[in-house]
Amino acid sequence: MQNGAETYRRIATISAHLNPSPSSHQMEGGVGLSRANCRAKGGSPGFKVAILGAAGGIGQPLAMLMKMNPLVSVLHLYDVANTPGVTADISHMDTGAVVRGFLGPQQLEDALTGMDLVIIPAGVPRKPGMTRDDLFNINAGIVRTLCEGIAKCCPKAIINIISNPVNSTVPIAAEVFKRAGSFDPRRLLGVTMLDIVRANTFVAEVLGLDPREVDVPVVGGHAGVTILPLLSQVKPSCSFTTEETEYLTSRIQNGGTEVVEAKAGTGSATLSMAYAAVKFADACLHGLRGDAGIVECAFVSSQVTELPFFASKVRLGRNGVEEIYPLGPLNEYERTGLEKAKKELATSIQKGVAFVKK
């Protein structure tokens, strides 16, 4: 009798998965979400991660790569359009994470409830001739709305902000959390990892090394001259000519523009950004797990300079940022670059703060 009951239960589960009832939780357009819940008990042990903007150019490869991460047990995919298709596609991957999709503002709270890590690539991408400041008016409002949801539904989550301009969107998020009384500077991180990924790659090309063997600290911010690679601190230890330093610094600072121009109006850096975002998210998850010695660069609330936010090396742990490291010794070229970066950063930070306060 028990075997018969178990067989019936499995058949009912499969039926519900394939044919969700009309009364179940619905996405816009009538696509049911209950099938996602059928597999909830099959999830692997790990962390709950939400991607906000999961159907976009960065969000889709980011979602795929996070589905492959063994530290992820539940993966929530949220966007204002096209989430059903992305969710269905990625949910077929035979990895441990359970995938659930959420569509539109009315389902934002459901997407966020109980999350350990929230990654935000939402917003419009750069187009040819467009600066990160041109993105501000659109993306600033998107980030503010999403962070209001985070403050309400998962105020203890670690937040990874990718949406550009990061130099302004991170301060926007901070102001939203302050207003909600939930701001914890350790848990809010702007993702600058793509600058480090590019720096490692470009330096490795010059040195004739495997990029995986190179470590280039990149500090400051995440746009133009605010991106400051500390080439004097490259590991393995090496030296560069003035020409090499200028070439590498310029290419690292303008890596995003290089991709935008190469794509000739069809997009921006989506694939390399997704790779970098997953690399950083994985570091955050290892920190949450309690692993020791997890050090990466990120744009965070900081006292390294007189500015309220700055990107530098940080140690990640169970509470997010556990320690912020000083910049270390800089050469004359880097000191000059730092002053230029700080001037530009101050304006971008203030722009973000003013957006929420107006």
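Q: In this predicted model, which residue lies over the face of Phe136?
A: Phe136 belongs to helix H6 and is buried. A charge counts as sitting over a ring if NZ of Lys or CZ of Arg is within 6 Å of the ring centre. At 4.7 Å from the ring centre of Phe136, the residue that meets this is Lys351.

Q: What is the angle between the planes of Phe136 and Phe355?
A: The count of aromatic pairs comes to two. One of them joins Phe136 and Phe355, with centres 5.6 Å apart. This pair links helix H6 to helix H12 across 219 residues of the chain.

Q: Which strands do the buried residues of H12 pack against?
A: The buried residues of H12 include Leu338, Leu345, Ile349 and Phe355. Among the elements that the buried residues of H12 pack against are the helices H6 and H7. The strands in that set are E7, E8, E9 and E10.

Q: Which residue stands opposite Gly317 in E11?
A: E10 and E11 run antiparallel and are joined by four bridges. Two residues lie between these strands in the hairpin they form. Opposite Gly317, the residue in E11 is Gly320.

Q: Which residue has a side-chain oxygen that reaches to the backbone nitrogen of Tyr333?
A: Helix H12 covers residues 332-357 and reaches 38 Å from its first C-alpha to its last. At the start of H12, a side-chain oxygen comes to within 3.2 Å of the backbone nitrogen of Tyr333, and it belongs to Asn331.

Technical notes: Residues numbered from 1 in each chain as written. Predicted model: local features only at pLDDT ≥ 70, side-chain atom pairs only at ≥ 80, totals over all residues. Heavy atoms only, no water. Expected span 1.5 Å × (residues − 1). Buried < 20%, exposed > 50% of the residue type's maximum accessible area, 1.4 Å probe, protein only. Contact = heavy atoms within 4.5 Å. Polar contact = N/O pair within 3.5 Å; in protein donor to acceptor, adjacent residues only side chain to side chain. Pairing = 2+ DSSP bridges. Phe/Tyr/Trp six-rings, centres within 6.5 Å; stacked < 30°, edge-to-face > 60°. Lys NZ or Arg CZ within 6 Å of the ring centre and 35° of its normal.
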